[in-house]
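Colleague: I would like to go through the wording used for this model with you. Could you set each term against its cut-off as we go?

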2 protein chains.
Amino acid sequence: MANQLNLQIDRSSPIPLYHQVVQGIEAAIHTGLLEPGSRLENEIDLAAQLNLSRPTMRKAMDELVRSGLLVRKRGVGTQVVSSQVRRPLELSSLYDDLSNNGSKPTTDVLSFSHEEADASIRKALQLPGGAKVYHFTRLRKVGGKPLALMENWVRDDITALDEASLASQGLYGILRNGGVNFRLASQRIGAMIANDYQAPLLETTPGSALVTMERTAVDDTGRMVETGHHVYRADSYSFEMTLVQR
Amino acid sequence: MANQLNLQIDRSSPIPLYHQVVQGIEAAIHTGLLEPGSRLENEIDLAAQLNLSRPTMRKAMDELVRSGLLVRKRGVGTQVVSSQVRRPLELSSLYDDLSNNGSKPTTDVLSFSHEEADASIRKALQLPGGAKVYHFTRLRKVGGKPLALMENWVRDDITALDEASLASQGLYGILRNGGVNFRLASQRIGAMIANDYQAPLLETTPGSALVTMERTAVDDTGRMVETGHHVYRADSYSFEMTLVQR
DNA sequence: AACATCCTAATGTCAGGACAAACTATTGAC
DNA sequence: GTCAATAGTTTGTCCTGACATTAGGATGTT
């Protein structure tokens with residue numbers, strides 16, 4: 001059952017060895033070289049074939065198990081998960097998701113201000129009294145069709161924001177370029193009925209279904225960087241995710 | 001800056017050392033002994049204090065970073081994340097969630113049958129033609145108030161299902177008792193408007209907002225065990241989750 | 001033929017060491 | 001006084017080695 005998953009490990013590359021293995025196995029699964037349900041060779045042999053140590057091999061497989069591509073069972077072996085399950089929900093922006101999908105999103109900035117944060121926003125972003133934030137509302141369209149209505153608050157002591165850049169690129173892209181390294185975000189997904197303000201902007205009728213999302217994002221220094229409330233047309237958007245049992 | 005997080009490591013315990021560390025640090029964070037934003041001692045000293053090796057200590061911290069409680073930065077140190085962010089979305093059932101919350105869920109089984117799977121269900125569960133499945137619809141209430149309307153399909157070659165057990169406990173509990181070890185699930189969350197069938201059952205009006213969830217669960221052998229379509233009253237339920245950047 | 005027991009193979013856990021890379025803060029030079 | 005080089009601290013990566021635990025098949029017995 002020699003799997004012959006012809007991986008190439010480049011020891012001079014700056015990218016870590018275990019990550020090269022992750023990428024290689026991911027590729028093998030996506031190209032169909034590793035079929036769903038098939039068993040991999042055992043860790044020790046695989047490590048030996050690639051001239052890697054077992055801990056390195058294990059670290060790679062750990063990542064793949066966590067991302068839901070592989071399933072391990074003690075005493076048995078490691079299997080490719082037998083499904084068309086796709087990528088888990090990642091910490092990314094709508095703009096990135098759409099861009100990666102080949103669509104071309106556009107953004108209308110409906111309002112923009114640099115104002116003092118009220119109590120609820122200060123609490124969400126853990127800011128002291130009197131702190132100022134950027135507050136803006138955007139309408140995201142794809143293919144000319146409105147998809148999302150987004151209201152956000154961003155702390156102003158990180159990078160400068162303006163209407164023009166928000167209209168031309170995604171918020172997370174701007175912040176990343178400004179040196180923000182996002183680490184985690186907590187979000188809540190629910191549903192609501194389109195009201196008289198939302199409906200015309202999203203080119204739907206009051207009373208139609210909307211998906212709602214509230215999110216607060218934290219950077220690698222532990223600062224709350226951004227919080228926002230988004231609504232999406234339910235007929236055009238849903239959240240897909242893969243949950244992995246630890 | 002001796003943190004003195006008085007951890008007790010029991011080497012005779014059957015639970016892994018790194019997991020004991022995870023639990024200890026989690027507890028220290030939740031009790032407030034480790035304050036948000038505070039820095040931990042470095043890995044090497046911590047490991048030495050507990051008479052553990054650095055890899056074991058690192059494995060524990062890896063878990064905590066992945067779950068979003070800690071943030072590490074090379075050359076700087078490890079910090080407790082400065083927020084009230086809570087547990088990520090886990091692979092659990094609604095029944096478990098409600099029970100853990102102290103609520104007492106009840107279940108009405110609206111329909112139950114053991115029937116041949118149609119094409120779409122066979123595809124979702126990857127079953128061969130002619131295979132039979134359990135198909136049932138349940139109404140979940142908490143405190144007498146209807147919360148969720150759930151339609152599920154379960155393969156029948158794992159454990160026997162009947163109306164009585166579905167009425168008295170959660171589906172995932174039954175399956176787990178039947179020897180199923182869930183490994184991952186892929187789900188999609190969206191929104192819709194209550195129709196004339198759903199509204200009276202959920203004691204709401206047609207046209208009100210519902211959260212929808214479609215899920216397919218896979219066990220540790222890679223089999224698709226269960227697929228279902230659930231709707232929740234939007235005013236009573238939403239999905240909360242924490243996303244962690246890898 | 002049915003059952004309990006042993007054996008093997010595979011993953012799970014843990015140790016100890018070595019070097020690399022990144023960030024901070026200090027030191028030094030201009 | 002400002003800026004750049006440098007040293008030190010901390011996490012990141014990788015190695016070798018060892019033993020424990022579990023699942024499942026093979027073996028032997030009844």
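This is a predicted model: local features need pLDDT of at least 70, side-chain atom pairs count only at pLDDT 80 or more; totals for chains, interfaces and linings use all residues.

Colleague: Why are α1(A) and α3(A) called oblique to each other?

Modeller: The axes of α1 (residues 17–30) and α3 (residues 54–66) of chain A cross at roughly 50 degrees and come within 8 Å. Angles under 35 degrees count as roughly parallel, over 145 as roughly antiparallel, 65 to 115 as roughly perpendicular and the rest as oblique. α1(A) and α3(A) are therefore oblique.

Colleague: Which residues make that contact, and how is its class make-up counted?

Modeller: Contact means heavy atoms within 4.5 Å. From α1(A) come A:L17, A:Y18, A:V21, A:V22, A:I25 and A:E26, and from α3(A) come A:T56, A:M57, A:K59, A:A60, A:E63 and A:L64. By class, this contact has 8 nonpolar, 1 polar and 3 charged residues. Here Ala, Val, Leu, Ile, Met, Phe, Trp, Tyr, Cys and Pro count as nonpolar, Asp, Glu, Lys and Arg as charged, and the others, Gly among them, as polar.

Colleague: And what is the angle in chain B, between α1(B) and α3(B)?

Modeller: Their axes cross at roughly 50 degrees, coming within 8 Å. That makes α1(B) oblique to α3(B).

Colleague: How do you know whether the span of α1(B) is close to the expected one?

Modeller: The expected span is 1.5 Å times one less than the number of residues. With 14 residues (17–30), α1(B) reaches 20 Å from its first C-alpha to its last, close to the 20 Å expected. Just after this helix, B:G32 takes a positive phi of about 90 degrees.

Colleague: What do the buried residues of α1(B) pack against?

Modeller: They pack against α3 (54–66), β1 (70–73) and β2 (77–80) of chain B. Among these buried residues are B:V21, B:V22 and B:I25.

Colleague: What makes B:Y232 buried or exposed?

Modeller: Buried means under 20% relative accessible area, exposed over 50%, and partly exposed in between (1.4 Å probe, protein chains only). B:Y232 has 2%, so B:Y232 is buried. This residue lies in strand β8 (residues 224–233) of chain B. Its C-alpha is separated by 8.4 Å from that of B:L202, 30 residues apart along the chain.

Terms used: Residues are numbered from 1 along each chain as its sequence is written. Chains are lettered from A and ligands numbered from 1 in the order in which they are written. Side-chain values use heavy atoms; hydrogens and water are left out. Axes are lines fitted to C-alpha atoms, for helices over the stretch in contact, and angles run from 0 to 180 degrees between N-to-C directions. Helices (H or I, at least four residues) and strands (E, at least two) are DSSP runs, numbered from the N terminus.
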